[in-house]
Amino acid sequence: MLDTLKKLKILIVDDNQLNIELLSIMLSHEGYENISTISDSRQVLDHYKEIRHDLILLDIRMPYLDGFQVMEQLSGVIDGDYLPVLVLTAQTDMKTRLKALDSGAKDFLTKPFDKTEVLTRIANLLEVRYLYNQQRRQAEILEAKVLERTRELEETRLEIIRRLGVAAEFRDNETGMHVIRMSKNCKILALKLGLGKKKAEKILNASPMHDVGKIGIPDNILLKPGKLDPEEWEVMMTHSRIGYNLLGDHPSEIIRLAAEVALCHHEKWDGSGYPNGCEGEDIIIEGRIASVADVFDALTSERPYKKAWPVEEAVDYINGQSGTHFDPAVVEAFRDSLPEILRVREKYKDE
């Protein structure tokens, strides 16, 4: 450790050049390698910001700024760090010492200097500084590991969410690309609506499970190659509640949002949707966004029971349903975002 201490950065601040030279000689002869000196106290703050010294030997009585004022300046930039300040003073009164300690000083050197005392006090403070830095580095390493592990767990959870959404989509679309396109378009629409990156990311991660309730719909209904009769349609509509119940009231914010989107993505702006007949802004914005993204991609995708619509016809349908099926603001965002949405469609097309 001794060799390491000799490499730490020391700053001597004193308006008396003789004191600077004396201390520099003592430290150099003892093997300290990184010594800086300043005789103008006005330069200390900028010098410290640049170098970040490990120890400052600071005179109290100086022109321009005294030692107390220098310590006050330093306190504003230390930012929770431990910076040893060793005060140099010819005054031994208790008032001066208490004021120095209150200002941030860690120890004192009394003038005239005694070599043994100087080297001992400096070595002690540098050791404390070194141990503090080691502990801080260990804490930073531990924090980084915790953050990395937390990120990995979050990524795993989100991947499970995405895969569960794709698994549900496999029931009537063997590629499962619908949920990928739909969720990415949800993010595009959220950003266009000004909801911000954080909320847009949540919609991206929650919306893949909008149709997870289809897991509970019988194949003879889900895959029927034709129009459903009224009884079959009643069964089909239950997939919203099935999805909501399947996801449940989970502590995860993403899963709770996914449950809400599963429940309300078939609600309509005019209140004619299902399962609850909600209308207007009573439908959560994530559900209103998912509704547009889901319908557009469903219309332009082929299924066992229908052919894909041409893009132009699907766009006309979305525009025509503004204010009835869809939130007009979301439809406007859809129109403005159409080039991006079509790029997503091309990039993640069904094979």
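C264 has a relative accessible area of 9%, which means that C264 is buried (buried stands for under 20% relative accessible area, exposed for over 50%, and partly exposed for what lies in between, with a 1.4 Å probe and protein chains only). C264 takes part in no disulfide, and the nearest cysteine sulfur, that of C278, is 7.6 Å away, whereas a disulfide is defined as a pair of cysteine sulfur atoms within 2.5 Å. The structure as a whole holds zero disulfides. C186 is likewise in no disulfide, with the nearest cysteine sulfur, that of C264, 11 Å away. Because its relative accessibility is 0%, C186 counts as buried.

This is a predicted model, in which local features need pLDDT of at least 70 and side-chain atom pairs count only at pLDDT 80 or more, while totals for chains, interfaces and linings use all residues. Residues are numbered from 1 along each chain as its sequence is written, and side-chain values use heavy atoms, with hydrogens and water left out.

From single residues we can turn to the whole chain. The protein has 15 helices and five strands, where helices (H or I, at least four residues) and strands (E, at least two) are DSSP runs numbered from the N terminus. The radius of gyration of the protein is 34 Å, well over the 20 Å that the globule rule gives for 351 residues, so the protein is more spread out than a compact globule; this radius is taken over C-alpha atoms, and the rule is 2.2 Å times the number of residues to the power 0.38. Along its principal axes, the C-alpha trace spans about 100 × 35 × 35 Å. Of the 351 residues, 44% count as buried. Among the contacts (heavy atoms within 4.5 Å) with a separation of 6 or more, 64% come from residues 24 or more positions apart.

T37 is found in strand β2, which covers residues 34–38, and, with a relative accessible area of 40%, T37 is partly exposed. Leaving aside residues up to four places away in sequence, T37 touches L11, I12, I20 and S24. How far apart are T37 and K187 in sequence and in space? T37 and K187 are 150 residues apart in sequence, and from C-alpha to C-alpha they are 57 Å apart in space.
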